[in-house]
Every structure is written in C-alpha cells, then in structure tokens.
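User: Please take a close look at the aromatic rings in this structure. I would like to know how they pair and where the partners sit.

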Amino acid sequence: MTSTILQTKHLFKHFDGVKAVDHLSVSFEKGKITSIIGPNGSGKSTLINLLTGLVPLDAGEVIIAHSLHFTRVKSHEVAGFGLTRTFQDVRLFEQLSVLDNILVVLTERGVFASLFETHGTLHLAQAEEVLKKMGLWEKRHSLAINLSYGQRKLLEIARVLAMTRSARTGRAADIIFFDEPFAGLFPEMRKVVVSVMKELRAEGRTQILVEHNMELIRELSDEVVVLDAGELLAQGVPNEVLAKREVIEAYLGE
Amino acid sequence: MEYLTHLAVLVGIYSILALSLNLVLGYAGIISVTHAAFFGLGAYTSAILTTVYDLNFFLAALCGVLVAAIISLFVGTVLSKFRGDFVALGSVGFNVIVWSVFLNVQELTRGPLGIPGIGRPNLEFGIWNYEFSSNVSFLVLSVIFVALVYFLCQFIEKSSFGRALKAIREDEEALQVFGYRTLHYKLAVFVIGAGLASIAGALFASYITFIDPSTFTINESIFLLSVVILGGLASNRGALIGALALVLLPEFLRFVGFPSDIAAQMRQVVYGVMLIVLMLYRPQGLVGEYKL
Ligand SMILES: Nc1ncnc2c1ncn2[C@@H]1O[C@H](COP(=O)(O)OP(=O)(O)OP(=O)(O)O)[C@@H](O)[C@H]1O
Ligand SMILES: [Mg+2]
C-alpha cells in the first residue's frame, strides 16, 4: 500500500517572464525517497522554495496528508507541518558555533519561553547524537564559517536530522527536502549522507531529493520525478522513467 | 577627584546605552540609528514627570521605560516592513522625528530652552529620605544600574532567546524555515533595548539636571553605534569597554596638548582616524566575536 503525503495542484510561479514552475501537479509518497531531476533551471529548487514558504506561490494549491490545504504559507509555519529542508546554496548560521547551529533548532520557539530557557541536557544529548552521526562532534566549538565546504553541507544535514528528533515546532519533521546534498562532497562524505537517508527511510520519513548524479539516483530513489521548464515530464520508478526517450532527450541527451 | 567621579558617571550612563544597543545591533543584527531617540524619550519623560508633576525619580524612570517600550513597539513594527539597509534609513527618520518633537512641542518640552532644574533621585521610606545629591552617591547608583543591566544582558545572551537572536542576524529567512517567528524576536529585543536606553536617559537627565534636544540627535545615535562597534559586537564586555574608551578618549586627547584654537577639531580628526584604523585592522572590535 502506498499513500500520498504531499501533493501539489497546478502550482504556478513565474519570475519576470520565466515560468519557473508551470502548473505543476505532482504527488509524493509517504516513507519513500523521491528524486527530482531535470536540467539546470527546470524549477527543482523553486518547487522546494514554494513548498517551504520561502517564495510565495502565484497560483495553485498544496495538500499535506490529504487534510491540510494551503494556497499561501509563511515560512515559519512549515516546520509545524512537519516539513524541513536543506539549501542548495548552503545556508548556515555562519558566525555561530557548530553546536549552536544545532541547538537553535532544538530549543523553544516562543519568545517568552525561550527567554527563560537555557539549553538542557536533553538538547545537548540530541545535538551530540546528530553531530556524531555526521562526524562533526569534534568540531562543535568551531564557527560554522570556518568549516570546509563538505563539512558545511554535512552540518546542514545534521540540522535536518535534529529537526526529525525534536517536536518543538509542534511536530517532528517527517517530510524532508534535500536540495543537492551530495554536490561537492568527497566519496567518504557521500557514504555518510547515503546511509543517513536510508536510515530516515527506515524510520518511515518522506524524503524528496534533488540530485544530478545518476548513480546516486538509482541507488536511493523509490520514485523519480522529472521536471523540464517547470513542467512535469515524467514520474515513476527509476528504471522506467530513466529509460524514457523524452527524459533522455531533455536531460541526459547531450 | 570630582572630575573623575563625573567621568565615571558618564561612562556608566554610556555603558547602559551601549549594552542596550548591543542587544539590538550586536545580537539581532538590526542596524538601528535611532537609539538616541529612546535615550531622549527616557530623559524627557522622567524630566517632565519629576519637574512638573513632582513624581519620584524611580517611578518617573519606570514611566520612561513604558513610554519608550510602547513607542519602540510601534517603530519596530513599522521598521519591520523595510528590507535590508532601508531599516537603517528608516530608523534615522524616526530619530529626526523624535528630536523635532523635543524641539517643537514647546508646551511639554520647552523646546530649545530645554528643561532645567531636574532633581536628583531620592528614596523615601516613611520618615527616612535619602537624596543622591552628591556625585559620589550618584556614581554608586549608576554602578548599581549598570550592574543590573549587565546581568540582564548576560542572562539574555545565555538564553535560547539570545541564540535565536544571533541566528536571526546570520540568516533570518533560514531560521524562519525552522519554525521561528523571527519578527516577534526582533520586536522583543528592540523593545527591551529601547526600554534600557530610556533608563540611561532618566539617569542622564537627573545627573546633569538639565536637558535639551541637542543631546538626542542622529549624531548621538551614530556615536552610540561606534561605541558598540568599537567595543565589539555581540559582546557585553565589549559594550562596556567601548563606552569606557569613547567617553574617555576626548578627555585623554585634551591632555595631548594641541594648540587650543584647533584642539576641538583635532580631537574630532584623531577620533575619526582611530575608528577607521580600528575597523580596517580589527573589524570585530576590541573584544567582539563577530564582524558586520
Ligand atoms: N529568486 C529568483 N528570482 C528570479 N528568478 C529566479 C529565482 N529563483 C529561480 N529563478 C529562475 O527560475 C528558474 C528555475 O530555477 P531553479 O533554481 O528552480 O532551477 P533548478 O532546477 O533548481 O536548477 P539547478 O539545477 O541549476 O539548481 C530559473 O530560470 C531561474 O533563473
Ligand atoms: Mg536548484
């Protein structure tokens, strides 16, 4: 049995003349890894930005778990729906320590409550767990800005993991967007990220992965969604979709 | 001795201003060029309430905090509609408005004449009455206020709230995605900063016993920014050091012995050059942890 957890209907977004996402209706299955592929500029990141409230929709609708419909959403609300993400252009809290980058997503969100809270042993234990998993615990006192590029990408993934461990926003994250998490990583680091994604799948969480590397897509994806110029070109299991002639032409052709 | 006590009181008042601006600028990263307005609102509120309505200094200072808090909540809400550098520009506008209210609403503020004869604070319990009339006693009072404000700022820095402020400074949009209503945080810190600045204003008014609009201009706001930046952003210790350095610097330069006819201008030049050199070679300030 499969069930849809996240669905878009006629999602539309244009940036002065460019249709970044063009009447896109697509759905994502609960507990699966769905890869989104498509040429540069085909709207993959824009889709994630729309779904996480970073960019306002022009038109269309988003449905989460069949029950929650929205046509506009503020970015501070999405965490409460169980959504979280990484950013293609790594976005950390640069002049905060590695540990603070994690603690900040584990602690109280309300203004007054946070004023009277200091991080406790539970927060530290959670931070230690996710940082150790990403091999960053030794670096916990460094500023994020002083990490290597690969470590910075891993820290973003650690932050997402922390969001899955904490329900401070009302709900632990169970829908996760990864926007090119492997780009620029050394093979060793890639392995870490692959195993984290497999674990998250075993925990039943839904993952949406934007990726260009075909090997990784075949290894990880349960489903593949192909975008081209903001439109849905194909969707299905990896072997079938990646064999389609129009997909090869649009994406792998040259 | 009297002279040193006088300087120490000024350092104390500027320490409170620097600590409170540091919350806004250093922690939350809001470039506010209007801190002198809240300083002035505190000074005028308490000056008017103590001279015209004969209210006790401490109650008047509390009213000043309320006035500054309410107005800053409104200003902060308006400024939150601006993007990026326009926040700084908008805040300049607000400082100008408040200053011209001080200057023009003469029924209340006496305009350019200023308010003279402001009393020193006094404490009254039944028959026991103590007035902080000597400068030394006033210094003790200021030190107590500085200590309270300092501990409040340290408390904020250690709290989850403080960490969230720094994250806002680094990437507000990203923080929102992790479930923070960052606007509430920014308003909260703006109001706290304004409230604390107004306490410095009440102290200043009753210490000097005279205020006029010329103290609360954009120039003063810019001076306060340089105090915080010089001391080091996002460091409470830095704010204290900045206040100490910039309040004492002109006094120190007084002894360098420029010919008296150009001394004032030369002091301005030396002061400007020092700021530029510092920003070139130590952009995080004397003891700060973070660069703008
Ligand atoms: N904030 C923005 N302002 C203006 N145009 C934008 C903005 N964001 C995206 N675009 C445009 O929208 C289109 C889709 O961009 P998007 O970043 O979603 O593509 P992508 O599929 O993620 O590409 P890549 O593989 O290069 O990351 C592009 O033409 C891009 O230039
Ligand atoms: Mg992209």
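Analyst: Over all chains, this predicted model holds 21 aromatic pairs. A pair of aromatic rings is described by the distance of the centres and the angle of the planes.

Take B:Phe102 and B:Phe216. Their ring centres are 5.9 Å apart and their planes stand at 70°, so this pair is edge-to-face; the cut-off for that class is over 60 degrees. The two residues come from distant parts of the chain, 114 residues apart. B:Phe102 belongs to helix 4 (residues 86-104) of chain B, while B:Phe216 is in the loop between helix 8 (182-208) and helix 9 (218-231) of that chain. Both B:Phe102 and B:Phe216 are buried.

B:Phe161 and B:Tyr185 make a stacked pair, because their planes are at 20°, and planes under 30 degrees apart count as stacked. The centres of these two rings are 5.3 Å apart. B:Phe161 lies in helix 7 (residues 160-177) of chain B and B:Tyr185 in helix 8 of chain B, so the pair ties together parts 24 residues apart in sequence. B:Phe161 and B:Tyr185 are both buried.

Rings also gather in groups. One aromatic cluster is formed by B:Tyr14, B:Phe39, B:Tyr44, B:Phe102, B:Phe204, B:Phe216 and B:Phe223. The edge-to-face pair of B:Phe102 and B:Phe216 thus has both its members in this cluster.

The charged end of A:Arg140 sits over the ring of A:Trp137, at 4.2 Å from its centre. A:Arg91 lies over the face of A:Phe87, 5.1 Å from the ring centre.

Methods. Residues numbered from 1 in each chain as written. Chains lettered and ligands numbered in written order. Predicted model: local features only at pLDDT ≥ 70, side-chain atom pairs only at ≥ 80, totals over all residues. Heavy atoms only, no water. Phe/Tyr/Trp six-rings, centres within 6.5 Å; stacked < 30°, edge-to-face > 60°. Helix = DSSP H or I, 4+ residues; strand = E, 2+ residues; numbered from the N terminus. Buried < 20%, exposed > 50% of the residue type's maximum accessible area, 1.4 Å probe, protein only. Lys NZ or Arg CZ within 6 Å of the ring centre and 35° of its normal.
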